[in-house]
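Subject: Structure handover

Hello,

I am passing this structure on to you. Please open it first, then read my notes beside it.

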Amino acid sequence: MTLTLDAPRIVETRPLLEVHGVSRSYGPVKAVRNVSAHAYPGEVLGIVGESGSGKSTLLRMMNLEEIPETGSYTLDLPDLSGNLFELDRFARRMLCATKIGIVYQNPHLGLLMKHSSSGNVAERLLVAGERSFATLRQAATEALDASEFPLDRLDAPPIELSGGMQQRVQLAKAIALEPALLLLDEPTTGLDVSVQALVLDTLKRLQQDRQITMVIVSHDLGVIRTLADRVMVMRRGEVVETGLADQIFQDPQHPYTQQLVHAKL
Amino acid sequence: MTQVLEIDGLTKGFSLHHLEKDIPAFENISFAVAAGEFVLLKGANGAGKSTLLRTLYRSYLPLAGEIRFHSSHGLIDLARAADVDIAHLRRTEIGFVTQFLTARPRVSAEAIVAEPLRLAGWGVEAALKAARTALETFGVKPDLWAAYPTTFSGGEQQKVNLARALILPQKLLMLDEPTASLDANARGALVTRLQELKDQGTAMIGVFHHPDDVMHLIDRIVDLTPNAVPQEERDDVAL
Amino acid sequence: MSLSTLTKPWEAMSYGFLDGSAKRELRRKMLKSVAVPGCQMPYASREVPMARGWGTGGLQVSLTLVNPQTCVKVIDQGADDSVNAASIRRFIAQVAGTPTTMDTLEADLIQSRHRIPEEILREDQVLVLQVPNPEPLRPVQPNMSIARQMHADADYGRMWLQLYEQIVRSGRVMQGASYPSLVNGRHVMTPSPIPRWDVPKLHMARHLTILSAGREKRIFAVPPYTRVEPLVFSDVPYKVEEHGHLTCTRSGTRGFFMNEIPQDDGSSAFEVSDSEWGVKTIRARDGDGESRGETWYKNGEMPQ
């Protein structure tokens with residue numbers, strides 16, 4: 001048996017994100033069971049687990065797309081208090097539009113494939129109420145540039161772009177309003193290995209430049225290892241282990257995590 | 001002397017569930033390191049030298065014992081500290097130098113070296129300037145500074161790695177065979193930098209294949225060989 | 001008492017073609033749509049002896065609103081004499097016994113497809129517009145359930161996305177007809193396929209406008225003196241078609257919305273789209289008396 005860890009003593013800031021005791025069932029299937037998670041400001045929390053472990057459901061809850069049967073969710077932001085799961089649709093939409101960015105594995109979920117790439121990014125500002133064409137154009141260009149999207153393809157529709165480029169458009173859209181929280185759902189799954197590395201690198205760079213708090217979900221340990229500061233391992237809807245990323249990969253405690261890590265190495 | 005680290009009864013082993021087997025690494029280790037002190041870990045292969053370093057850095061979770069660290073925030077037991085506290089200390093007070101560079105594609109050598117400074121809140125230009133100086137110290141040629149270390153040879157990568165790991169003065173530094181694959185000049189630069197840090201009060205714990213390189217830095221030797229005398233004064237040991 | 005004393009004598013059809021319950025439903029939905037300007041109200045669109053898409057929505061509204069004294073004008077693309085306009089006009093007169101007119105000023109009720117007359121409408125006049133596609137959000141949100149939620153939340157950001165796309169692709173807003181407009185600062189509506197030229201006429205208009213889509217079964221309204229603001233970027237002003245300088249080759253009138261008529265030599269001639277305005281202009285020119293009323297546009301410009 002290992003030692004039980006103390007509560008934080010040096011770091012006194014509150015976690016930006018706190019999810020507490022969430023559960024969600026789909027019929028007889030318990031997708032998420034009594035899961036709690038937190039992420040400190042500027043921290044990258046990685047969630048690993050195989051398909052069906054409930055990790056994506058948890059991420060969708062963090063994006064308020066999915067409301068659990070039980071549990072609470074708070075973001076430590078000005079003018080925001082209480083359980084976010086209890087917000088009405090309108091407040092939820094405004095919160096998601098302005099404070100939370102998300103990148104989906106499937107770009108079709110996050111993008112209008114036939115609109116221009118810059119328009120996809122501009123949409124986020126439009127939802128937040130921006131109505132000046134020049135401002136929209138500039139903000140979209142800047143966000144795409146920060147996502148290392150080639151600016152000569154600014155107005156190309158995502159349907160004409162490669163998978164890696166589509167993810168960059170999603171990313172630009174997600175960061176356009178400088179969100180407090182960036183959620184990434186298998187952002188590089190399905191991409192070529194070399195493209196995957198470039199997208200990961202962009203994410204890493206953005207994280208360092210902007211200190212965005214991120215939650216990244218992936219079944220790919222390499223992705224988690226590259227990006228995450230802290231890792232949460234999920235299996236069958238439950239958290240089996242959490243820890244610092246290097247500790248999870250070098251000294252996994254739970255049998256399932258050991259199996260996962262050894263399968264990779 | 002000001003104590004930096006007090007290790008007390010530290011025990012580590014690994015439970016390999018798929019083999020249903022417990023593998024002990026080391027048991028009941030106790031020693032202390034003071035500011036400006038350099039402790040060499042000694043022991044046969046498999047005695048647990050690297051394991052101990054990683055346990056102190058909390059890449060490994062100890063099974064029992066205490067790692068009392070005199071941080072700038074007060075005394076904290078690294079064996080039980082919350083992950084977020086450990087992450088904070090790693091950014092600010094505890095360093096770890098490995099044998100390998102974790103290079104990332106499309107990140108230049110100077111950017112890699114500047115990264116700890118950026119994380120500590122330095123401006124881009126100041127951080128890059130300091131990074132270039134550090135690269136120069138370790139003998140990386142200027143035409144490589146803006147290149148991507150993913151394409152470098154092992155030796156060059158290790159120089160970048162050292163420049164990065166040692167750029168910020170730390171309170172406690174773990175060294176896991178940093179001289180491996182280094183040429184003589186770089187070894188010299190490393191020793192010079194370590195001496196500098198030591199003079200500034202950094203406590204160091206190191207594992208070296210060829211301790212001759214750092215001989216004059218060593219204050220004390222801890223032998224991890226089971227049943228060895230736990231602490232030996234440097235002068236008493238013939239290396 | 002017998003059943004026959006309680007029921008009306010048999011008639012070949014109800015007054016105004018629609019039966020009482022149909023008209024009652026339409027009246028209720030019209031009242032609702034006036035109460036919430038620009039908000040689409042669903043209604044049970046009835047069968048009328050005309051194919052869907054030919055103005056059945058407008059016709060049902062007209063048939064509900066008329067009484068034997070209502071003077072009716074019907075326009076199709078600005079013209080009173082096109083087959084479609086003439087047929088609808090004749091049908092209303094036949095089933096409701098109403099007088100008909102082509103003069104905008106004389107009419108009490110104007111049913112129109114694609115145009116608003118050039119002469120200013122008054123408080124006592126009702127304009128009924130035929131609408132093919134009532135949902136302004138359809139191009140950006142094909143799922144109508146979600147579109148309804150978007151209306152409820154006034155979530156109209158994507159409408160500007162459409163304009164953004166047009167500017168990016170073509171350098172200017174390409175939306176010609178059905179220009180999406182915000183009604184009373186709350187609901188975005190499509191003002192039926194009237195040209196951009198006609199949208200400003202709806203803003204703070206004195207008359208009541210009822211828009212009805214028969215196939216899509218939706219009714220919405222712009223009550224008198226209601227704000228109707230075309231959606232624009234703060235830095236890209238709304239522009240109407242550049243017809244202000246064009247002259248009608250037949251009547252010589254100038255500064256109104258024109259139909260373009262391609263000529264054999266490749267050039268274009270123009271003819272005023274509001275045919276009755278052209279007729280009145282010709283009459284005045286020929287010395288048959290001035291019958292033209294005040295127009296919204298003056299010298300080709302909409303006064304602010």
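Below is what I found, taken part by part.

Please keep in mind that this is a predicted model.

**The two domains of chain C**

Start with chain C. Its domain assignment gives domain 1 (20–228) and domain 2 (241–292). The C-alpha centres of domain 1 of chain C and domain 2 of chain C are 25 Å apart. On the domain 1 side, 17 residues are in contact with 14 residues of domain 2 of chain C. Together the two domains of chain C bury about 1200 Å² between them. Of that area, 49% is on carbon and sulfur atoms. Look for E118(C), E119(C) and W197(C) in domain 1 of chain C: they lose the most area to domain 2 of chain C. Together they account for 45% of what the domain 1 side buries.

The rule finds 2 salt bridges between domain 1 of chain C and domain 2 of chain C. K280(C) forms a salt bridge with E119(C). Their closest N and O atoms are 2.7 Å apart. There are also 9 residue pairs in polar contact between the two domains of chain C, with both residues at pLDDT 80 or more. By class, the side of domain 1 of chain C that touches domain 2 of chain C has 6 nonpolar, 4 polar and 7 charged residues.

**A buried helix in chain C**

Now find helix α3 (residues 56–65) of chain C. How many of its residues are buried? The count is 9 of the 10, so α3(C) is largely enclosed by the rest of the structure. The buried residues of α3(C) include T56(C), L59(C), V61(C) and L63(C). What do the buried residues of α3(C) pack against? Helices α2 (20–35) and α4 (83–96) of chain C are among the partners. Strands β3 (109–113), β4 (126–130), β7 (208–213) and β8 (218–222) of chain C are partners as well.

**Chain B against chain A**

Next comes the interface of chains B and A. The contact takes 40 residues from chain B and 35 residues from chain A. Chain B and chain A bury about 3000 Å² between them, 55% of it on carbon and sulfur atoms. In chain B, R80(B), D83(B) and R106(B) lose the most area to chain A. Together these three make up 21% of what the chain B side buries.

Between chain B and chain A there are 2 salt bridges. R90(B) forms a salt bridge with D246(A), with the closest N and O atoms 2.9 Å apart. The rule also finds 13 residue pairs in polar contact across the interface of chain B and chain A, both residues being at pLDDT 80 or more. Elements giving two or more residues to the chain B side include β1 (3–16), α1 (49–57) and α2 (83–92) of chain B. The largest share of that side, 8 residues, comes from α2(B). By class, the side of chain B that touches chain A has 20 nonpolar, 8 polar and 12 charged residues.

**One residue in chain B**

Last, go to N28(B). It lies in strand β2 (residues 21–34) of chain B. Is N28(B) buried or exposed? N28(B) counts as exposed because its relative accessibility is 56%, and the cut-off for exposed is over 50%. N28(B) touches G9(B), L10(B) and T11(B), not counting residues up to four places away in sequence. L52(B) is 24 residues from N28(B) along the chain, and their C-alpha atoms are separated by 11 Å.

Best wishes

Notes
Residues numbered from 1 in each chain as written. Chains lettered and ligands numbered in written order. Predicted model: local features only at pLDDT ≥ 70, side-chain atom pairs only at ≥ 80, totals over all residues. Heavy atoms only, no water. Domains from an automatic or database assignment. Contact = heavy atoms within 4.5 Å. Buried area = accessible area lost by both parts, 1.4 Å probe. Salt bridge = Lys/Arg side-chain N within 4 Å of Asp/Glu carboxyl O. Polar contact = N/O pair within 3.5 Å; in protein donor to acceptor, adjacent residues only side chain to side chain. Nonpolar A, V, L, I, M, F, W, Y, C, P; charged D, E, K, R; others polar. Helix = DSSP H or I, 4+ residues; strand = E, 2+ residues; numbered from the N terminus. Buried < 20%, exposed > 50% of the residue type's maximum accessible area, 1.4 Å probe, protein only.
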